[in-house]
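Here's a quick tour of a fold, strands and helices included. Have the structure open and follow along.

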Amino acid sequence: LRQTASRVFIPLTVGGGINTLEDFDRVLKCGADKVSVNSGAIRNPDLIRQAALRYGSQCVVLSADVKRVEGQFRVFARGGRDDTGMEAIGWIKHCVDLGAGEVVVNSIDTDGVKQGFDLEMLAAVCQAVKVPVIASGGAGKVQDFVDLFQTLPGVDAGLAASVFHFGEIAIPRLKQTLRDHSIPVR
């Protein structure tokens with residue numbers, strides 16, 4: 001993290017294994033700008049409130065792994081392995097009320113499928129909270145990003161990984177296509 005933070009000059013969010021305020025402190029001191037928490041918040045929701053009070057809400061990112069179960073959006077823990085039984089939209093709203101200043105919503109249903117983002121789920125999240133929402137899970141082609149931002153202008157960012165890592169989408173081409181569709185891009 002220290003090496004990355006010393007070489008990358010964009011806002012850096014770090015997550016994984018965040019369970020205590022000390023974990024927040026450690027990654028922030030190593031150069032992170034924001035800290036993402038999922039399973040740690042599920043185990044101890046007050047962690048969000050404590051971190052927001054100490055570091056500010058802008059620093060606290062709720063990461064929510066969500067999957068449909070029996071027609072309901074449910075929260076999963078441990079990288080999507082454990083069904084918590086909690087209804088996702090209510091959980092996300094509760095965490096924002098506790099102080100999360102941003103939400104990354106990963107659709108387990110669409111993650112890795114490359115057939116587009118879960119627009120229905122993301123619309124429900126955007127309707128429930130008034131903080132930045134980052135869509136994750138489902139990007140397979142440039143048009144998926146265009147569809148995301150044209151359908152849900154309340155979504156602040158679209159996250160993808162493998163399509164960039166394996167060269168399926170070139171970032172300059174994606175940015176230009178978004179600009180061509182009047183979608184703001186940094």
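In β5, Arg74 finds its bridge partner in Glu87. Keep in mind that this is a predicted model.

**The β4–β5 hairpin**
- Strand β4 (residues 72-77) pairs with strand β5 (residues 82-87) in the antiparallel sense, over 3 bridges.
- The two make a hairpin, with 4 residues between β4 and β5.
- Look for Arg78 in the turn: it has a positive phi of about 50 degrees.

**The parallel strands**
- Strand β1 (residues 13-15) and strand β2 (residues 34-37) run parallel, joined by 3 bridges.
- Across that pairing, Gly15 stands opposite Ser36 in β2.
- β2 also runs parallel to strand β3 (residues 60-69), again with 3 bridges joining them.
- Here Val37 has Leu62 as its bridge partner in β3.
- Together, β1, α2 and β2 make up a β-α-β unit, and a right-handed one.

**Where α2 meets α4**
- Helix α2 (residues 21-29) packs with helix α4 (residues 46-55) at an angle of about 45 degrees, and their axes are 10 Å apart.
- The crossing of α2 past α4 is right-handed.
- On the α2 side, the contact is made by Leu21, Phe24, Asp25 and Leu28; α4 brings Leu47, Gln50, Ala51, Arg54 and Tyr55.
- Sorted by type, the residues of this α2 and α4 contact are 6 nonpolar, 1 polar and 2 charged.

Notes:
Residues are numbered from 1 along each chain as its sequence is written. This is a predicted model: local features need pLDDT of at least 70, side-chain atom pairs count only at pLDDT 80 or more; totals for chains, interfaces and linings use all residues. Side-chain values use heavy atoms; hydrogens and water are left out. Axes are lines fitted to C-alpha atoms, for helices over the stretch in contact, and angles run from 0 to 180 degrees between N-to-C directions. A crossing is left-handed if the near helix is turned anticlockwise from the far one by less than a right angle, and right-handed if clockwise. Contact means heavy atoms within 4.5 Å. Ala, Val, Leu, Ile, Met, Phe, Trp, Tyr, Cys and Pro count as nonpolar, Asp, Glu, Lys and Arg as charged, and the others, Gly among them, as polar. Two strands pair if DSSP finds at least two bridges between them. A crossover is right-handed if, with the strands pointing away from the viewer, the path from the first strand over the helix to the second runs clockwise.
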